[in-house]
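The entries follow the order in which I checked them.

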Amino acid sequence: MRVYVPLTLPGLAEAYRTGELGAGPFVAYAVTPGLREWYVSDDTEELEYAALGRAALASLRLLAAEPDAPRRRVVIAVDVADRAVSADPGRELDPAPGEVRVADAVPLGKAASVHVDAADAQADVTAAADALRAADGGDDDAQSLVDGAEDHELLWFATQEIANLVGHRD
């Protein structure tokens with residue numbers, strides 16, 4: 001199963017240093033029945049893109065909690081065994097469509113790609129991270145700032161480029 005793991009650049013640097021994602025269990029996003037219902041599509045590529053978008057929003061939440069982290073959202077796409085992933089099917093209302101739990105740490109070598117904001121997105125991502133709490137409280141102006149970050153497409157990077165993304169030179 002392809003899952004999308006939200007991170008920050010310091011989190012990506014830590015994954016690069018340790019060679020693994022998460023300590024398990026950790027949150028990721030995937031195409032789940034809840035995401036299919038929320039997104040109302042049967043197109044696999046659209047659903048994968050929606051899961052990536054959910055992970056990007058989760059990365060924004062991580063940035064809001066890490067004021068010293070560079071203001072760029074980071075998502076790693078990784079393939080894991082189906083048995084390593086669980087959704088919470090018992091939840092009546094799914095406040096986070098596509099959210100799953102990955103049971104154990106995953107070797108970084110299983111990553112398929114890395115998705116990161118371009119440098120020119122930093123101002124909008126900073127404003128969105130600062131506005132997130134107010135947006136969650138129903139503030140329409142703050143929600144507009146959060147939506148502004150979502151207007152930026154994450155750039156695709158091959159896993160071989162992680163060293164450069166985290167400033168590590170071999």
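The entries below take the helix packing and then the salt bridges.

**Entry 1, the model.** I note at the outset that this is a predicted model, and I read every value that follows as computed from that prediction.

I looked up how helix α4, residues 122-136, sits against helix α5, residues 140-150, and found that the two pack at an angle of about 140° with their axes 7 Å apart. That angle makes α4 oblique to α5, because only angles over 145 degrees count as roughly antiparallel. I also recorded the hand of the crossing of α4 and α5, which is left-handed.

Which residues make the contact? On the α4 side I listed D124, V125, A127, A128, A131, L132, A134 and A135, and on the α5 side A142, Q143, L145, V146, G148 and A149. Sorted by class, the contact of α4 with α5 has 11 nonpolar residues, with 2 polar and 1 charged.

How many salt bridges does the structure hold? I found 5, and I followed up some of them here.

The side chains of R17 and E14 meet in a salt bridge, at 2.7 Å from N to O. Both R17 and E14 lie in helix α1, residues 9-18, and they are 3 residues apart, about one turn of the helix. I then checked their accessibility: R17 counts as exposed at 59% relative accessibility, whereas E14, at 37%, counts as partly exposed.

**Entry 4, a pair between helices.** I turned next to D136 and R61, whose side chains meet in a salt bridge at 2.8 Å, N to O. This pair links distant parts of the chain, with D136 in helix α4 and R61 in helix α3, residues 44-65, and the two are 75 residues apart. D136 is partly exposed, with a relative accessible area of 48%, and R61 also counts as partly exposed, at 36% relative accessibility.

Are the two partners buried or exposed? R101 is partly exposed, with a relative accessible area of 35%, whereas E99 counts as buried at 18% relative accessibility, since buried means under 20%.

How values were computed. Residues are numbered from 1 along each chain as its sequence is written. This is a predicted model: local features need pLDDT of at least 70, side-chain atom pairs count only at pLDDT 80 or more; totals for chains, interfaces and linings use all residues. Side-chain values use heavy atoms; hydrogens and water are left out. Axes are lines fitted to C-alpha atoms, for helices over the stretch in contact, and angles run from 0 to 180 degrees between N-to-C directions. Angles under 35 degrees count as roughly parallel, over 145 as roughly antiparallel, 65 to 115 as roughly perpendicular and the rest as oblique. A crossing is left-handed if the near helix is turned anticlockwise from the far one by less than a right angle, and right-handed if clockwise. Contact means heavy atoms within 4.5 Å. Ala, Val, Leu, Ile, Met, Phe, Trp, Tyr, Cys and Pro count as nonpolar, Asp, Glu, Lys and Arg as charged, and the others, Gly among them, as polar. Buried means under 20% relative accessible area, exposed over 50%, partly exposed in between (1.4 Å probe, protein chains only).
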